[in-house]
Amino acid sequence: MPVESGSSAASRQAKQKRKSHSLSIRRTNSTEQERTGLQREMLEGQDSKLPLSLRSNLLDLFGQIEREFENLYIENIELRREIETLNDRLTAEGQTIDGGDLTKGALKTKASHSTSQLSQKLKTTYKASTSKIVSSFKATTSRAVCQLVKEYVGHRDGIWDLSVTRTQPVVLGTASADHSAMLWSIETGKCLLKYVGHAGSVNSIKFHPTEQMALTASGDQTAHIWRYMVQLPTPQPVADISQTPCDDDIDFSDKDEADGDGEGPNECPSIRMASTTLRSHQGVVIAADWLVGGKQVVTASWDRAANLYDVETSELVHSLTGHDQELTHCCTHPTQRLVVTSSRDTTFRLWDFRDPSIHSVNVFQGHTDTVTSAVFTVGDNVVSGSDDRTVKVWDLKNMRSPIATIRTDSAVNRISVSVSQRIIALPHDNRQVRLFDMSGVRLARLPHSNRQVTTSLWNSFDTL
């Protein structure tokens, strides 16, 4: 009578275990509907302020999560049994083969390779299941509703930056590649004032925190401070505009720029002379901003330096050097003497001027491509955007690693953060503007334009 080998007996035992295990799975699936019905009856009997449809949807989602992890648990048990069977077989074979340490080493290598493959299978199954669960939650998130409120037509080239005054009268400022900056009535869309004192592209515009003064940075290697006086027109009755959902299929075509000539630049008064001109850079001045209090300003340039100036004397106070490539942006903290600069060298730097006698700097290497902008929020956060298609939220109290990372499908340009609602607006190279909260959850996508979106802005009423 033939004697069954140890390996064939182990294989037969594993098959019997798998067969009995598959029967238990079928029994579980057969009672799934009964269990779901019982849970629904219990849910309906409980007191809750949530609508019944929402509660039912949540129950379906949690039921799906339970089934997914139950399947993972079952597969994990099955794979562990296979590993144990394999180890028993290899141990039995190792005892019958002579060869000393060499044979044991070969068996250990074979067992390690098999275990590694099974472990990789477990990881792949787990990732696929959890991705499916996360997608289920994302699909149920309600989408925000966006509405086109006003268009501001008058510039003859691209607009690089936007800003809103912090004091009355509240106006919108725009900086353009057509060598001009314009002030607009937010309500009527009418041009109130045009600054034409620069000899190059106007790359940024920022308003003084308390006075009617504007700071502009230009490709002519200078930054200008100029005073303005405007009178807001009487707002006209606004026609009823139906709300437009933020769907990808909706397009707002750019109007012909000539259409705005009739009531735009021709009727708009202009200023040609700056009250203060800041000269020290040897390259394009890409951005500028006021420090808290408005007595100093900081500028960022393609000459790899940021300069700190005294407004009253126009003198250079500090030259902030250290970046290895051109600077792309600078931003000041709204309540503290802090400055953040970003650069094409994939870093952004935090400069601390709270102590007048000494200033410190911290370098952050959280991106793999050009950091296009880094901005402060009202709280203790910094938000950085990059050409590596990511946006990262940092805590000023612990800047070792970001507290949230947003991954997108296109390079991110100059970002802005809502003051009160803490919503991040991301303008992309692919003509999209997306809205996220500070934890990285996407809230909406604005209808896209026919041109690249270079910047975004929240006004004092948290309207984008």
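I began with residues 195-226, where the chain is 0% helix and 56% strand, with the end C-alpha atoms 9 Å apart; helices (H or I, at least four residues) and strands (E, at least two) are DSSP runs numbered from the N terminus. The model is predicted, so local features need pLDDT of at least 70 and side-chain atom pairs pLDDT 80 or more, while totals for chains, interfaces and linings use all residues. Residues are numbered from 1 along each chain as its sequence is written, and side-chain values use heavy atoms, without hydrogens and water.

Next I checked T328 in strand 17 (residues 327-332), which counts as buried (under 20% relative accessible area, 1.4 Å probe, protein chains only) because its relative accessibility is 13%. A polar atom of the T328 side chain lies 2.5 Å from the backbone oxygen of V371. Leaving aside residues up to four places away in sequence, I found T328 touching (heavy atoms within 4.5 Å) several residues, including I286, R344 and R414.

Last, I turned to the nonpolar cores, meaning sets of buried Ala, Val, Leu, Ile, Met, Phe, Trp, Tyr and Cys residues joined through side-chain atoms within 4.5 Å. The largest has 25 residues, and F348, F376, V382, V383, I424 and L426 have the most contacts inside it. Strand 21 gives the most to this core, with four residues. A second, separate core of 15 residues includes L192, F207, A214 and V230.

How values were computed:
Buried < 20%, exposed > 50% of the residue type's maximum accessible area, 1.4 Å probe, protein only. Polar contact = N/O pair within 3.5 Å; in protein donor to acceptor, adjacent residues only side chain to side chain.
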